[in-house]
Amino acid sequence: MNHQVLTSPLPGNKTELRQAALMLLYECDPVRKSQGVAALQAAWHEGSVSLVPELHLNAAGNIPGRPEKPELVAPQALGRRSMRTEQGRAALIHALSHIEFNAINLALDAIWRFPAMPAQYYVDWLKIAAEEALHFTMLHDHLQSLGYRYGDFTGHDSLWEMVAKTSDDVLARMALVPRTLEARGLDASPPLRAKLAQAGDLKAAAILDILLRDEIGHVAIGNRWYGWLCEQRGLEPVSTYARLTAQYQAPKLRGPFNFPARRAAGFSEAELALMAEYRE
């Protein structure tokens, strides 16, 4: 099968959604990327963007596009973030901004990379991309109010590394990115929010409330498509998840877990029971 990247609108002068997602993935400037995602979602809702699920695309350049900074280091090399200082709180907000910027990229990648999925799959991931762009914008605006910008601290690349590992299979992507790495944010968000609120940063705490609400929906989308793919392939979801975790060397489950948020995000009672074994 011939792979191609379209470089002009499809007949009828309509931009194609998956091609547009790939073009946005190339964008290095996080503000322009965020604005571009918002514009793409608006254009989709206006009906000026088409969708061709069967179209096969190849990335013609390096992805994801990202700025020269932040410098990417190993997770264990990241500096400590004391809530007692404004710089420490800024470093935490920067870390959250970095996660959301990477989440924009992973959502765009999920749109362009995997052909022949149902149309709703692409609509769902466009919604995720737009919400991640909004999250990044809110966090970056707050970071700037503290006197810093995105890139002023170091970051790590663990999220995108798993995106790259799962580029060969949409089932693995749904299992190990939204259902594993993003789901960890459901567990981490409440204690982080409490620390920020206790430190007096009520603005950041309010932003985390929005992030947790939206991320429940994002993980739910991952769960829904993971379940659909398992059904299509005749696979049992729980044992398949364990196999994929081992095959792709994904992080193991580790508590404590936010069980109400995970239940709201669509994890089954069988999965929650397994997580309870790792609670401590």
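User: Which is Thr245, buried or exposed?
Analyst: Quick note first: this is a predicted model, where local features need pLDDT of at least 70 and side-chain atom pairs count only at pLDDT 80 or more, while totals for chains, interfaces and linings use all residues. Residues are numbered from 1 along each chain as its sequence is written, and side-chain values use heavy atoms, leaving out hydrogens and water. The cut-offs are under 20% relative accessible area for buried, over 50% for exposed, and partly exposed in between (1.4 Å probe, protein chains only). Thr245 has a relative accessible area of 9%, so the label is buried.

User: Which helix does Thr245 lie in?
Analyst: Helices here are DSSP runs (H or I, at least four residues) and strands are too (E, at least two), numbered from the N terminus. Thr245 falls within residues 237-247, and that run is helix α8.

User: Which residues does Thr245 touch, not counting residues up to four places away in sequence?
Analyst: Contact means heavy atoms within 4.5 Å. With residues up to four places away in sequence not counted, Thr245 touches Leu176, Ala250, Pro251 and Lys252.

User: How are α2 and α4 oriented to each other?
Analyst: Axes are lines fitted to C-alpha atoms, for helices over the stretch in contact, with angles from 0 to 180 degrees between N-to-C directions. Helix α2 (residues 30-46) and helix α4 (residues 119-145) pack at about 140°, their axes 9 Å apart. Under 35 degrees counts as roughly parallel, over 145 as roughly antiparallel, 65 to 115 as roughly perpendicular, and the rest as oblique. So α2 and α4 are oblique.

User: How many nonpolar residues are in the contact of α2 with α4?
Analyst: Residues in that contact include Val37 and Trp44 in α2, and Leu126 and Phe136 in α4. By class, there are 4 polar and 1 charged residues, and the nonpolar ones number 11. For the classes, Ala, Val, Leu, Ile, Met, Phe, Trp, Tyr, Cys and Pro are nonpolar, Asp, Glu, Lys and Arg are charged, and the others, Gly among them, are polar. So the nonpolar count is 11.

User: What is omega for the peptide bond from Gly255 to Pro256?
Analyst: Most peptide bonds are trans. Pro256 sits in the loop between α8 and α9 (259-264). The bond from Gly255 to Pro256 is cis, with omega near 0°.

User: What is phi of Ala116 near?
Analyst: Most residues other than glycine have a negative phi. Ala116, in the loop between α3 and α4, counts as exposed because its relative accessibility is 56%. Phi of Ala116 is positive, near 65°.
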